[in-house]
Amino acid sequence: MMTKKLLTGTAFALAIAGLATFTAHAGTASSPDNAQVAAPQTDWTKRVTVSENGGHVLGNPLARKRLVEYVSYSCPHCATYAAQSAEAVETRYVSTGKVSVEVRNFVRDQFDYTAALLARCGEPSKFFGNHRAILAQQQQWISRATSPDPIAQKRWQTSDIGKRLQYIASDTGLRAIMQKRGFKDAEIDQCLADEVEQSLVIGMTRYASETVKIEGTPAFTINDKYQKKTHSWQRLEPLLRSAFGGL
């Protein structure tokens, strides 16, 4: 579930709480009982909205059936899950307009925190592209994050959190990933310094830890029910078929 080398857990999130006010909200995007699915011509796999707690929702935001994923970008199981599940989840469930998939952040360390803020760069429509690119190249930037380079290690320990995040983004290659996605350095630095986004990321982390009480990442809720001991596509898929099979 979690690699010990980078793990600092929720303690890291709470340690940087001074960056912004926690704003954790229970629940997901509004889904009233009388919500109507839009016309069939809507391509729900292209629809991205932001839930009230800051998660990014793919699909019909009014769908009654909901899958929520808590992701840590430094978690190898999250990268594996993303690679194995994306196409199946979109084609089988999201495309129908009856199921939405929400991705929420759970930060475990300063590298994870940097990646989470970068994934959230740009308009909501950019999120899933950013998210997948960061996870797809996880091995490369994690190998740099665990490098014994003393110069980099010193830069990452500076007390100026803003500078620290910029150094991490540059030294690990996360900045290069975002540049390839079309973001300029000024935009990248602005995303890292965005106090609203910082607050949302930390708020989701606190909510996952204290309210949902997740045991590791990736973690999932189906229709707001936490799926214990489920950290892979192989374990999640049969649960989705059971919950959403009839649609």
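Biologist: Which residues of helix H10 are buried?

Modeller: This is a predicted model, so local features need pLDDT of at least 70 and side-chain atom pairs count only at pLDDT 80 or more, while totals for chains, interfaces and linings use all residues. Residues are numbered from 1 along each chain as its sequence is written, and side-chain values use heavy atoms, with hydrogens and water left out. Buried means under 20% relative accessible area, exposed over 50%, and partly exposed in between (1.4 Å probe, protein chains only). In H10 the buried residues are Glu 197, Gln 198, Ser 199, Leu 200, Val 201, Ile 202, Gly 203, Met 204, Thr 205, Tyr 207, Ala 208 and Val 212.

Biologist: How far does H10 reach from its first C-alpha to its last?

Modeller: Helices are DSSP runs (H or I, at least four residues; strands are E, at least two), numbered from the N terminus. H10 spans residues 195–212, 18 residues in total. The expected span is 1.5 Å times one less than the number of residues. That expectation is 26 Å, and H10 comes close to it at 24 Å.

Biologist: How far apart in space are Gly 203 and Phe 106, C-alpha to C-alpha?

Modeller: Gly 203 sits in H10 and is buried, at a relative accessible area of 1%. Phe 106 is 97 residues away in sequence. In space, the C-alpha separation is 9.1 Å.

Biologist: With which residue does Arg 120 form a salt bridge?

Modeller: A salt bridge puts a side-chain nitrogen of Lys or Arg within 4 Å of a carboxyl oxygen of Asp or Glu. For Arg 120, the closest N and O atoms are 2.4 Å apart. Arg 120 lies in the loop between H3 and H4 and the partner in H10, so the pair ties together parts 77 residues apart in sequence. Both residues are buried, and the partner is Glu 197.

Biologist: Is Glu 210, the salt-bridge partner of Arg 206, buried or partly exposed?

Modeller: The closest N and O atoms of this pair are 3.4 Å apart. Both residues lie in H10, four residues apart, about one turn of the helix. Arg 206 has a relative accessible area of 29%. Glu 210 stands at 42%, so it counts as partly exposed.

Biologist: Which cysteine forms a disulfide with Cys 121?

Modeller: A disulfide is a pair of cysteine sulfur atoms within 2.5 Å, and the count by this rule is one. The two sulfur atoms are 2.1 Å apart. Cys 121 is in the loop between H3 and H4 and its partner in helix H9, so the bond ties together parts 70 residues apart in sequence. The partner is Cys 191.
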